[in-house]
Protein chains: 2
Amino acid sequence: VETTPPSAPHPPTPQRDRADALERLGELRASIDNLDAAIVHLLAERFKCTQKVGALKAAHTMPPSDPAREAQQIERLRRLARDADLDPVFAERFLNFVIEEVIRHHRALAEGASPQALPPAAPSATPHPNGRDRP
Amino acid sequence: VETTPPSAPHPPTPQRDRADALERLGELRASIDNLDAAIVHLLAERFKCTQKVGALKAAHTMPPSDPAREAQQIERLRRLARDADLDPVFAERFLNFVIEEVIRHHRALAEGASPQALPPAAPSATPHPNGRDRP
């Protein structure tokens, strides 16, 4: 905290400075919690969409993975991230993380198991020689 | 697609069925793209908050990691995920992924480097004996 409020009755002290910092920390954490709740709800909606995509692809014998689509998604998210002042490398890693999770769910559906019962879809768990030939 | 619209002039054919499926796939992908754009913008806002938290903690010599806070965050997100019909295991893995990224950024700030230039904050790259004792 760089400045004291105009109405502060006492000059800053280490104790007061720290109390201000803890108050500010609490405010930031409350915002982080709000944003996380929003993100989780959007992710829930996103998974509803990808579950429908998975069912549609299975019913019409379409390939589960679509490298061209994924490349478009990554390029678009990197651009959106740059515009929003977010590290585009993170945006790409985030999308890959979510796609891996979608594949884990699709695999669980295909095997008739609960996704919770499966191990994470680590690249080492299922070898994909070209990194794109997904289940 | 299980049914044809009531006004369909022709009976379903494999070609028409596939065309309907591709149209539905396009609709779902458009929704996924919208949700991803929203999530990326919320993540950008979340990183602004965590960058402020990082600066605040550095200025007031607070420990960078707070296991009690992280445990609360995980429990809360798992609960929110269950209410939103999202796999709570995924919600927890998502939060851990984001926290690792935040730590990667904080470490980059501390070292005066660009986060983009750093390798991912993989658990194996920096051993944490108890999984909580983060940098």
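Which side chains meet in a salt bridge at 2.6 Å, N to O? The pair consists of B:Asp36 and A:Arg46, where a salt bridge is a side-chain nitrogen of Lys or Arg within 4 Å of a carboxyl oxygen of Asp or Glu. B:Asp36 is buried at 2% relative accessibility, and A:Arg46 is buried at 3%. Here buried means under 20% relative accessible area, exposed means over 50%, and partly exposed lies in between (1.4 Å probe, protein chains only). Side chains of opposite charge can pair when their charged atoms come close.

The model is predicted, so local features need pLDDT of at least 70 and side-chain atom pairs count only at pLDDT 80 or more, while totals for chains, interfaces and linings use all residues. Residues are numbered from 1 along each chain as its sequence is written, chains are lettered from A and ligands numbered from 1 in the order in which they are written, and side-chain values use heavy atoms, with hydrogens and water left out.

Chain A has 3 helices and 0 strands, and its pattern along the sequence is α-α-α. Helices (H or I, at least four residues) and strands (E, at least two) are DSSP runs, numbered from the N terminus. Of the 135 residues of chain A, 41% count as buried. Contact means heavy atoms within 4.5 Å. Among contacts in chain A between residues at least 6 apart in sequence, 42% join residues at least 24 apart.

A:Thr50 belongs to helix α1 (residues 14-59) of chain A and is buried, with a relative accessible area of 8%. When neighbours within four places in sequence are left aside, A:Thr50 is in contact with A:Val102, A:His106 and B:Ile32. A:Arg107 belongs to helix α3 (residues 88-111) of chain A, and its relative accessibility of 16% counts as buried. A:Arg107 and A:Gly54 stand 53 residues apart in sequence, but their C-alpha atoms are 9.7 Å apart in space.

The same surface serves both copies, since 100% of the contact residues of chain B recur in chain A.

The contact between the chains takes 58 residues from chain B and 58 residues from chain A. About 5,800 Å² is buried between them, and carbon and sulfur atoms give 72% of this area. Buried area is the accessible area (1.4 Å probe) that two parts lose on being put together, summed over both. The interface holds 10 salt bridges, whereas 20 are found over all chains in the whole structure. Between chain B and chain A, 15 residue pairs are in polar contact (both at pLDDT 80 or more). A polar contact is a pair of N or O atoms within 3.5 Å; within protein, one must be able to donate a hydrogen and the other to accept it, and residues adjacent in sequence count only if both atoms are side-chain atoms.

On the side of chain B that touches chain A, the elements giving two or more residues are α1 (14-59), α2 (67-83) and α3 (88-111). Helix α1(B) gives the largest share, 31 residues. The residues of this side divide into 33 nonpolar, 8 polar and 17 charged. Ala, Val, Leu, Ile, Met, Phe, Trp, Tyr, Cys and Pro count as nonpolar, Asp, Glu, Lys and Arg as charged, and the others, Gly among them, as polar.

Another salt bridge, between B:Glu101 and A:Arg93, has an N to O distance of 2.3 Å. This pair crosses between chains, from helix α3 of chain B to helix α3 of chain A. B:Glu101 is buried at 1% relative accessible area, whereas A:Arg93 is partly exposed at 23%. Salt bridges that share partners join A:Asp87, A:Arg93, B:Glu101 and B:Arg104 into one network. A:Glu101 likewise forms a salt bridge with B:Arg93, the closest N and O atoms being 2.3 Å apart.
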